[in-house]
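Here is a walk through the structure shown below, starting with one chain on its own, passing to the contact between the chains, and ending inside the other chain.

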Amino acid sequence: MREVVLEAELEAVHLASLVQLVEGEMFDGWLHCPTGRLGLRQGAVVAARCGELDGMPALRELFLCPVGRVRLERGVAEGAPLGGTLALVMEGVRIADEWDRLAPLVLDEAAGFEAPTIGPVDRALLNGFDGVRTTYEVVKAAGIRPSGVTDALLQLMDEGWLVEVAPARPDEVRRWQATVGTEPVEAPAPAPVAAAPEPEPEPMAPAPTAVEPQDYYEALDAGRIALRAGDHDAAEASFMAALAARPGDRIAAQNLKRVRALQASA
Amino acid sequence: MRLNSLKRTLSVKIVYYGPGLCGKTTNLEALHRQFPERQRGAMLQLDTETERTLFFDYFPLSLGTLGGYRVKVDFFTVPGQSFYQATRRVVLEGVDGIVFVADSSPDREDANLVSYEDMLRNLDRNRKTLADVPHVFQWNKRDVPRPIPVSVLQRQLNPHGAQSFEAVAIRGDGVWETQSSLLQQVFESVRKATAVRAQNA
């Protein structure tokens, strides 16, 4: 019988924290994630599996899933470490941050773009960038794992071959988070038609920050923006709203104190 | 502070926080050079594949043994670019001491504030406040023309009067003093924590 030693929700405990924890405990077994699993020997990550992916590509993909339940089981995992734990963790969180940055962007090809492929990015995928759909929509429609194309797409942007042509749509990150780990990667879709379809309605994510009072952060951010702009009255109002959303909060109180000191010295 | 009874180690985590290009990596590189070779581990530096900027730096420092435990200090930097939000939060987890490196260049006033506020927010999401964590400020790049006055940096970033140091990290100036002051605070905090635990045992 399998011995489960720990279960947790990724919304509450980041995968990076769990991987570092099992390293410290020199654990032998498997860490089952919503989209795959990691094999552990003496605390080191010696195997990673995510769908059809193995090794480092699988590990990168596992870090993209920010929600769902994880389970740590004793067992025997074979293989050599994929790398130092710290380096693996940092690579995982880097790719997650970069995909979160990329997913909401609306891109199009720059005029004169001739390069047919760059690593895993081929012409069929590039044709999907039509200046209307987000990167999330294009990559999803192509049935490609995001972690496999993130670096290549960012490189194309860096070199000016892919350009932002419309405001980013940050809600796409939440749409991605809602679906990752809960549905299989789709088969490649037919080549996109000229007119971009409306995005399909999808369930909104149980956002990772749902446990936090979002209005608190919004008020705090608004206050800080106003403060930087020198609008002390607006900043004061926003920090008071943050304090109302989270009574007794030290950060909101500290900011409020700061803005009132600035008002007094003006 | 992490006590690992299997590996018999006591580790503390020091994080250098600050805006992009403020000199966090330069601080760590200078520190790494200044510690004796027998005490310092290899410096791990990861860069992004696309932007050719350093993403993250780390090195461990061994400080001998205490009660049969190897005492280790882990020095980290956070990536300064705004979109590496999750990474900064992960690096801040379990932090025992923070150096906030501010850039004294006159056009970086806003970047310093944004990074400082980002740090407060990430600490908050880790259920901490700056007051909970030993910390110092470093006013770096004091050699630039018309640097932001120290009094302005103090008022904007350090109104509560934590210890602060002027530095020119690229020359190594102020680097040692900054970490030395922070480590004293951190180990005093560890001493208090272990004393309380001993009393409660």
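Helices and strands here are DSSP runs, a helix having at least four residues and a strand at least two, and they are numbered from the N terminus. Counted in this way, chain B has five helices and eight strands. Read from the N terminus, the order of these elements is β-β-α-β-β-β-α-β-α-β-α-β-α. The radius of gyration of chain B is 17 Å, close to the 17 Å that the globule rule gives for 201 residues, so chain B is as compact as a globular protein of that length. Along the principal axes, the C-alpha atoms of chain B fill a box of roughly 55 × 35 × 30 Å.

The model is predicted. For chain B the mean pLDDT is 91, with 94% of the residues at 70 or more. For the complex, the predictor gives an ipTM of 0.83 and a pTM of 0.76.

Next comes the contact between the two chains. On the chain B side 26 residues take part, and they are in contact with 23 residues of chain A. Two or more residues of this side come from each of strand E1 (2-4), strand E3 (44-47), strand E4 (54-66), helix H2 (85-92) and helix H3 (109-125) of chain B. H3(B) gives the largest share, five residues. By residue type, the side of chain B that touches chain A has 13 nonpolar, six polar and seven charged residues.

Chain A contains an open sheet of six strands in the order E1-E6-E2-E3-E4-E5, with antiparallel pairing. Its edges are strand E1 (4-9) and strand E5 (53-54) of chain A, each of which pairs on one side only. Within the sheet, strand E2 (residues 29-33) and strand E3 (residues 36-41) of chain A are joined by five bridges in the antiparallel sense. His32(A) has Arg37(A) in E3(A) as its bridge partner.

Helix H1(A) lies across E1, E2, E3, strand E4 (44-50) and strand E6 (69-74) of chain A, and runs at about 175° to E2(A). How is H1(A) placed relative to H3(A)? The axes of H1 (residues 15-24) and H3 (residues 85-102) of chain A come within 10 Å and cross at roughly 170°. An angle over 145 degrees counts as roughly antiparallel, and H1(A) and H3(A) are therefore roughly antiparallel to each other. H1(A) contributes Leu15(A), Ala16(A), Val19(A), Gln20(A) and Glu23(A) to the contact, while H3(A) contributes Thr85(A), Val89(A), Gly92(A) and Val93(A). Of the residues in this contact, five are nonpolar, three polar and one charged.

Definitions and conventions
Residues numbered from 1 in each chain as written. Chains lettered and ligands numbered in written order. Predicted model: local features only at pLDDT ≥ 70, side-chain atom pairs only at ≥ 80, totals over all residues. pLDDT = per-residue confidence, 0-100. Contact = placed C-beta atoms within 7 Å. Nonpolar A, V, L, I, M, F, W, Y, C, P; charged D, E, K, R; others polar. Axes fitted to C-alpha atoms, helices over the stretch in contact; angles between N-to-C directions. Parallel < 35°, antiparallel > 145°, perpendicular 65-115°, else oblique. Pairing = 2+ DSSP bridges. Rg over C-alpha atoms; globule rule 2.2 N^0.38 Å.
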